[in-house]
Amino acid sequence: MENVKPLIVEIKNLSKSYRRGSQIIPVLEDINIEIPEGEFLALMGPSGSGKSTLLNLIAGIDKADSGLVKVGGIDIAALSEAELAGWRAGNVGFIFQFYNLIPVLTAFENVELPLLLTGLSKKERHEHVEMALRVVNLSDRMEHYPAQLSGGQQQRVAIARAIVTDPTILVADEPTGDLDRVSAKEILELMERLVRELGKTIIMVTHDARAAEKAHIIVHLEKGVLSFE
Amino acid sequence: MFILKLILKNAFRHKLRTSLTILGMTIAILAFGLLRTVVDAWYAGVAASSASRLVTRNAISLVFSLPISYKEKIQQVEGVKVVSAGSWFGGIYIDEKNFFANFAVEPKPYLELYPEIILSPEHFQAFVRDRKSAIAGRKLIDKYGWKIGDIITLKGTIFPGNWDFVLRGLYKGRDKGTDETMFLFHWDYLNETMKKTVPRRADQTGFFMIGIKYPELASEISVAIDKLFKNSLAETLTETEKAFQLGFISMTEAIVVAIQLVSFVIIIIIMAVVANTMSMTTRERIGEYALLKSMGFGGRHITCLIFGESLIITSIGCVFGIIATFPVADIFSTALSTYFPIFNIAPATIYMDIAASIVVGTVAALFPTYRSVRIRIADGLRRIG
């Protein structure tokens, strides 16, 4: 199948292992994958298969032992910690299973947080935040604190926070894992909309086959081997 | 601004814990401030001493007296302006617990030596005229409710018998450092009485207070005075008033050192308490710090958040502690005026309070910050949920 879209993620011969005491536990071995821009990819696999590790490596929050991890044309494995931090700020949006909102900040402030690292003025930041919250349909909940929002609403705030800097990729680790079926459906539809309407690239780790169905590409990771559905 | 807002919100996220830590800090600063003030009070005599005053006493010990005949010889030493004989009387007013300093002095030269003792001209004249008269400081008169003209009876300990004095004057201190709890009476009255009752102790004085013309020549004048009485039966030791006062304090140095030590131990204890609070706080928020790092925030930001929170907690405690120190010091001052006639909070004590709160806040944040900055993002994010 010919893919005309440019590649956003390019992984070659990627290996990663963890050390537990004197024992070295290999998690990923010789992984190769290419993800085109504007795709919605679901990464599935049993617990401990290394899917979250792979996601972390793509997002630049973990370092590979060997191999190439290119995101948006940049070899992120070659970046220093400080360069990686700067790269993440502009290129990666995170969506977590437990939303990871700061409880003492309002929805608005939580979404504003990543923009503090940009050179935007306060007025520009506010415009960006309002737009992001509009995209996730939470314009009327801006001044609410996380505790005043439902799980689904909190995850939508987290998605707004992830897209507010207009990153190259969105990485989602079990984004529906803590939600009821209705809320999970809403979140998946929202993510699908981000890909369809805003051209975002989403890489999602999930256990849920129903969630994976929404993705354009489903990849299984088992015993360190990737297989495409 | 946003970071400051986050620091403030974080500081009060766990209200009970933060309030208790602030309370602890408040009490620590209060105790630290009071103990530092006690140390200052101990040195109040030194602080109030003048460079133009010398004290001559018996070279063996202050317990031994000097012949009053020395006065004329001392007066003839070049550079000496005025000399007053003086004796520690050690009298008890009604009960031993009513302690206050009482001295037998020569009114005119003594008051000339101590311009910081402010006496009205009427009271001064009345004091000088009446040999059985006495003057007392404002605080002492207030404490015992005395009135001018009252007969004050002191029971002698060094000089036996009951001694009646007519209160002829009230003096005030020129500044805050002047002791307003002294009781002064005529050395002549003491001497005349001793001539009648214990003649072998007459014409003796405990010390001479000497006013000199040139403070910079204090050491030469001291040597000249002591030289006069070299190889006599009562050799002298002359020193500046400051050295004389320090000599007294050196006798109780162990107590002063102990107080200073306790004041610093208090700071170390509160440092441990605040460090514990900050450790608990950062452990709970490690996932949030990992989240911030994942977004691109660096160690600098995390450091700013943790140090900011720690310093806010200690600063609030410090402000409350300083505010509380003043009324509590007033209560102390009233209750312990017998032992600490001068009990004022010095500006240096406030600066030390502020410095202590900064040190506590900084040290308490060190380890939690190190741990939070060093944590791997993936490990930190795993702690959520």
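Modeller: In this predicted model, helix α2 (residues 15-42) of chain B and helix α11 (residues 253-284) of chain B have axes that come within 9 Å and cross at roughly 165 degrees. The angle is over 145 degrees, so α2(B) is roughly antiparallel to α11(B). The crossing of this pair is left-handed.

On the α2(B) side, the residues that meet α11(B) are Arg17(B), Thr21(B), Gly24(B), Met25(B), Ala28(B), Ala31(B), Phe32(B), Leu35(B), Arg36(B), Val38(B), Val39(B) and Trp42(B). Their counterparts in α11(B) are Val256(B), Ile259(B), Gln260(B), Val262(B), Ser263(B), Ile266(B), Ile267(B), Ile270(B), Val273(B), Val274(B) and Thr277(B). By residue class, this contact divides into 16 nonpolar, five polar and two charged.

Helix α11(B) also packs against helix α14 (residues 347-374) of chain B, at an angle of about 35 degrees and with the axes 8 Å apart. The crossing of α11(B) and α14(B) is right-handed. From α11(B), the contact uses Ile267(B), Ile270(B), Met271(B), Val274(B), Ala275(B), Met278(B), Ser279(B) and Thr282(B). From α14(B), it uses Ala356(B), Val360(B), Gly361(B), Val363(B), Ala364(B), Ala365(B), Phe367(B), Pro368(B), Arg371(B) and Ser372(B). The residues of this contact comprise 13 nonpolar, four polar and one charged. Ile267(B), Ile270(B) and Val274(B) of α11(B) take part in the contact with α2(B) and also in the contact with α14(B).

As for confidence, chain B has a mean pLDDT of 92, and 99% of its residues reach 70 or more. For the complex, the predictor gives an ipTM of 0.90 and a pTM of 0.78.

The contact between the chains takes 20 residues from chain A and 19 residues from chain B. On the side of chain A that touches chain B, the largest share, five residues, comes from helix α2 (residues 81-91) of chain A. That side divides into 14 nonpolar, four polar and two charged residues.

Chain A also contains an open sheet of four strands in the order β2-β1-β4-β5, with antiparallel pairing. Strands β2 (23-36) and β5 (74-75) of chain A are at the edges with a single partner strand each, so one side of each has no neighbour in the sheet. Strand β1 (residues 7-20) of chain A pairs with β2(A) over 10 bridges in the antiparallel sense, and Ile11(A) stands opposite Ile33(A) in β2(A).

Conventions:
Residues numbered from 1 in each chain as written. Chains lettered and ligands numbered in written order. Predicted model: local features only at pLDDT ≥ 70, side-chain atom pairs only at ≥ 80, totals over all residues. Contact = placed C-beta atoms within 7 Å. Helix = DSSP H or I, 4+ residues; strand = E, 2+ residues; numbered from the N terminus. Nonpolar A, V, L, I, M, F, W, Y, C, P; charged D, E, K, R; others polar. Pairing = 2+ DSSP bridges. pLDDT = per-residue confidence, 0-100. Axes fitted to C-alpha atoms, helices over the stretch in contact; angles between N-to-C directions. Parallel < 35°, antiparallel > 145°, perpendicular 65-115°, else oblique. Left-handed = near helix turned anticlockwise from the far one by under 90°.
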